[in-house]
Amino acid sequence: MNIRIQKATLDGTIPIPGSKSHTIRAVILAAVAEGNSEIVNPLEGEDCISALKAVELIGAHTEQKPGLWKIHGAGKNFHLPFKEVDVGNSGSVLYFLSPIAAVREGCCVFTGDESIQSRPVGHLIDALTQAGAKAYTAKPDGSTPPLFIEGPIRPARIYTDGRLSQYVSGFMMAAPFLDGTTEIELSDPKETPYLTMTRTWLTKLGVKADVSADFKHISVTGPQSWKGFKTVIPADWEAAAFPLIAALISGGTLTIENIDLSGSQCDGIIVPILKSLGADIVLNEAGGFLIVRGGARLAVHSQEADIRDFFLYAGSRDAADFVRRESEDALRINCSAFPDAVCALAVIACFTEGTIILDDIGVCRSKETDRIALMRCELQALGADIEEGRDFLIIRGHSPFTQNGSVNHAFTLHGGTAETEGDHRIAMSLACLGLGLPKGESLIVKNAECCSVSFPGFIETMNKAGAGFQILNQA
């Protein structure tokens, strides 16, 4: 379906759904646990449903109820998928489950939708081969799914770059089922908080997994197993980014509920970044919610908040490690630890006075789409001053109004029609952009149904807060 967005002011309350990253890990680890598991507050989005369907193929049994998923794990008796594994649109399911399936002797096939069939798997194939499996793809260039694997893998020392974290997490989850030590040496680890998330999950289940401080060495010794568990999935910071920027762009006041304060998700860093630009965001720790007041003039040279004063980053470093002022009117943000925030940050940068450089984002070219190229193309078509590099975006933004409150004629965003290529984060970020267009302008976002991948009910939830998204046609 396509949606039309015009200038609107948000006012109300928006609940945040469960974390996609935590939900998929919970489903897969429950599937190979001994006994029954309960997952409370799962993200009931398409990728997580794909995870449920996939684990049924290796011997787990699942039961879905609203807000509660029950999984009877196959334990150490999990088997090869008894038919082709269709992961839908989920790269996480592809990269997590394929090393686990490769533990068993025999052949299996992984495929997915059009987006998945353009995802790179060369790094995964190389790692599987180093561990003793045979792996190849059906396509002539041998770089994208469908992926064929013939196991078993064995304990090994695996050398890989680690710029994509998901297949590394997959090997971390598979290694406990091997008789010996699996060591993974990463030459250029990125998305490292997700490796921390996987290690935390394994540790919580009693599995010993060692990760060096620089993330370049990972070691897991098997055989190890774990029992079924009950877990409550925290709300998704990756999803929270969109109502956050929407409130700032629209000029309204929004309460965002179900905020995760556990420190388990790196994308919470978006709060101190936005506050450093002058955003009015207040955390109620006791209630677990944010109050966001839009209408403030965002600017790179804002002195209204120090980057360190709102700490929601998972890990020992603080937000200042990722944000550097290049000059009085230029800010460089290293996004290697939180690449899924890039689309939201690119949009809010368009409404911020000054230059924002989103750096070290090469991994974004290997997501559902090439997010660097597509965001540059679509934002440029809507009037943004944006430049694309191999692993960066430069956005030279402007606030819609000047310091004295008058109209800023340097603000050049306008309406139009935006392609999403079925990428949920691009669709949600562009929908939020439309809320801040000049009066009389409108934006049509195509294929907006993809928002349900990570934020089921996004359009309806935003409309309850006054977004006024108009559905033009139902696909």
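Begin with Ser50, which sits in helix α2, residues 46-56. This is a predicted model. Ser50 has a relative accessible area of 11% and, being under the 20% cut-off, is therefore buried. Show the side chains around Ser50: beyond four places away in sequence, the residues it touches are Val87, Gly88 and Val93.

**A parallel pair and its crossover**

Select strand β10, residues 157-160. Its covered face carries Ile158 and Thr160, while Arg157 and Tyr159 are on the uncovered face. One place to look is Thr160, whose bridge partner in β11 is Leu186. Between β10 and β11 the chain passes through helix α5 (residues 166-174), giving a right-handed β-α-β crossover.

**The five-stranded sheet**

Next, colour the open sheet of 5 strands, ordered β18-β19-β20-β22-β21, with mixed pairing. At its edges are β18 (323-327) and β21 (386-388); each has a single partner strand, so one side of each lacks a neighbour in the sheet. On average, and ignoring direction, neighbouring strands here are turned by 15 degrees against each other.

Zoom in on β18 and β19 (residues 330-334), an antiparallel pairing over 4 bridges. Within it, Val323 has Ile333 of β19 as its bridge partner. Now bring in helix α9 (residues 342-350), which packs on the sheet and touches β20 (354-359) and β22 (392-397). The direction of α9 makes about 25 degrees with that of β22. Helix α10, residues 371-381, lies across β21 and β22 and runs at about 155 degrees to β21.

**The nonpolar core**

Which residues touch the most other members of the largest nonpolar core? They are Phe338 and Phe458, in a core of 168 residues. Select helix α7 (residues 237-250) as well: with 11 residues, α7 gives the most to this core.

Centre on Phe338 and display its contacts. Leaving out residues up to four places away in sequence, Phe338 touches Cys266, Asp267, Ile269, Ile273, Phe322, Ile333 and Leu345.

**The four-stranded sheet**

Move to the open sheet of 4 strands, in the order β23-β24-β1-β25, again with mixed pairing. Its edge strands, β23 (416-418) and β25 (470-473), each pair on one side only. Neighbouring strands of this sheet are turned by 25 degrees against each other on average, direction ignored.

Select β23 with β24 (residues 442-445): the two run parallel and are joined by 3 bridges. Ala418 has Val445 as its bridge partner in β24. Then show α11, which packs on this sheet and touches β1 (2-6), β23 and β24. The direction of α11 makes about 165 degrees with that of β24.

**Last stop: His424**

Stay with helix α11, residues 424-434, and pick His424 in it. Is His424 buried or exposed? Its relative accessibility is 0%, so His424 counts as buried. Draw the polar contact between the side chains of His424 and Ser454, at 2.7 Å. Apart from neighbours within four places in sequence, His424 is in contact with Lys20, Glu368, Arg371, Cys450, Cys451, Val453 and Ser454.

Technical notes. Residues are numbered from 1 along each chain as its sequence is written. This is a predicted model: local features need pLDDT of at least 70, side-chain atom pairs count only at pLDDT 80 or more; totals for chains, interfaces and linings use all residues. Side-chain values use heavy atoms; hydrogens and water are left out. Two strands pair if DSSP finds at least two bridges between them. Axes are lines fitted to C-alpha atoms, for helices over the stretch in contact, and angles run from 0 to 180 degrees between N-to-C directions. Contact means heavy atoms within 4.5 Å. Buried means under 20% relative accessible area, exposed over 50%, partly exposed in between (1.4 Å probe, protein chains only). A crossover is right-handed if, with the strands pointing away from the viewer, the path from the first strand over the helix to the second runs clockwise. A nonpolar core is a set of buried Ala, Val, Leu, Ile, Met, Phe, Trp, Tyr and Cys residues joined through side-chain atoms within 4.5 Å. A polar contact is a pair of N or O atoms within 3.5 Å; within protein, one must be able to donate a hydrogen and the other to accept it, and residues adjacent in sequence count only if both atoms are side-chain atoms.
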